[in-house]
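Good morning, colleagues. Please have the sequence and the model before you.

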Amino acid sequence: MNLKTIGSLLLVVLLIPFLAYVSGAVIIVPETHSVVITRFGEVKEAIITGFYEAPGTSPSGEKMVIDDKQLEFVQQRYKDDSSVDIQEGAGWYLKMPFVEKAHYFDARLLDWDGEKKEVATRDLRTLLIDSASRWRILDPIQYYEAIGATTQQAQDRLDGVIVSQIEDMIAETRLIEAVRHENLELDERVKERLETVGEEEVDAANIRYGRMHLIKTIQEKAGKELRNRFGIQMVDLLITQLNYTQQVQQQVYDRMTAERKRIANRYRAQGQRAKSEILGEVQRREDEILSRAEQRREEILGT
């Protein structure tokens with residue numbers, strides 16, 4: 001076999017994979033993505049690669065992490081659907097060129113950043129809330145069928161679900177429970193003192209929960225809805241900003257000022273009462289001394 005023949009064979013060997021890739025018969029599934037293959041819009045195959053961990057996020061470093069829970073979740077959903085083939089792992093895969101289409105879905109953590117929104121509490125106080133979340137695609141088949149192949153549409157779905165849950169939970173929560181970090185059990189002596197201070201402090205002693213419980217509840221409810229409807233896993237939720245609106249802020253300042261004045265007036269009243277008691281005692285003792293002195297004077301003059 002001469003060099004020309006060998007060169008031709010090598011060219012054919014290299015050309016066949018290239019032509020297969022160009023024609024779409026071969027697809028490359030990277031570690032950072034999962035793939036859904038459709039035929040005329042109908043899902044025929046899914047390639048689950050697991051959740052990708054970026055460098056520095058874990059001791060495993062820049063490598064693929066095959067999460068059995070994700071694979072089991074997808075397999076369980078489509079175990080009775082023989083028309084959908086579930087495969088696992090990154091690599092080279094074959095598909096029918098021109099007939100089947102591959103849709104790539106990011107397997108990494110994705111960010112959602114909500115817009116600032118005014119939300120009314122149960123006691124009709126308005127708060128300005130800004131929230132953010134991290135999420136990832138748990139079931140690429142369900143995600144594709146419910147949302148499509150883009151992440152922008154997913155952001156719109158996240159807006160609707162998360163913001164709706166935040167509004168519902170805040171509407172059931174008092175202002176003091178929304179702004180407080182967590183609920184703390186108050187000592188009985190503190191409660192007794194609060195009962196003599198004012199309505200706001202008495203209300204503080206009856207807090208059911210704090211902001212962390214509120215966030216956890218929102219995440220559980222929104223996460224369940226996103227998972228069941230769109231195949232999205234909500235990793236975490238953060239309330240990045242929780243402020244009073246300008247109107248409520250002024251009301252809070254006015255209420256704080258009025259409360260401080262009321263406490264100051266109470267202390268002044270206590271001081272005035274103590275002053276009156278002291279002056280009364282001084283006057284009584286003065287009268288007693290003068291009376292004894294007058295009696296003594298009469299005794300001396302009588303002798």
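Predicted model: local features only at pLDDT ≥ 70, side-chain atom pairs only at ≥ 80, totals over all residues.

Glu100 counts as buried, because its relative accessibility is 9%; buried here means under 20% relative accessible area, exposed over 50%, and partly exposed in between, with a 1.4 Å probe and protein chains only. Residues are numbered from 1 along each chain as its sequence is written, and side-chain values use heavy atoms, with hydrogens and water left out.

Glu100 belongs to strand S8, residues 100–106. Helices (H or I, at least four residues) and strands (E, at least two) are DSSP runs numbered from the N terminus. What does Glu100 touch, leaving aside residues up to four places away in sequence? The list is Ile37, Thr38, Arg39, Lys44 and Lys95, where contact means heavy atoms within 4.5 Å. With Arg39, the side chain of Glu100 makes a polar contact of 2.7 Å. That term denotes a pair of N or O atoms within 3.5 Å; within protein, one must be able to donate a hydrogen and the other to accept it, and residues adjacent in sequence count only if both atoms are side-chain atoms.

I turn now to the aromatic residues. Across the whole structure, the search finds three aromatic pairs. Rings of Phe, Tyr and Trp (its six-membered ring) pair if their centres lie within 6.5 Å; planes under 30 degrees apart count as stacked, over 60 as edge-to-face and the rest as tilted. Phe105 and Tyr143 pair edge-to-face, at 5.5 Å centre to centre and 80° between the planes. Phe105 lies in strand S8 and Tyr143 in helix H3 (residues 140–146), so this pair ties together parts that are 38 residues apart in sequence. Phe105 is buried, at 2% relative accessible area, and Tyr143 is buried at 1%. Phe105 also pairs edge-to-face with Tyr144, at 6.4 Å and 75°. Phe105, Trp135, Tyr143 and Tyr144 form one aromatic cluster.

Finally, the nonpolar cores: sets of buried Ala, Val, Leu, Ile, Met, Phe, Trp, Tyr and Cys residues joined through side-chain atoms within 4.5 Å. The largest has 40 residues, and Ile86, Trp135, Ile141, Tyr143, Ile162 and Leu226 touch the most other members. Helix H4 (residues 151–171) supplies the largest share of this core, seven residues. Another core, of seven residues, lies apart from it and includes Ile27, Val35, Ile37 and Tyr93.
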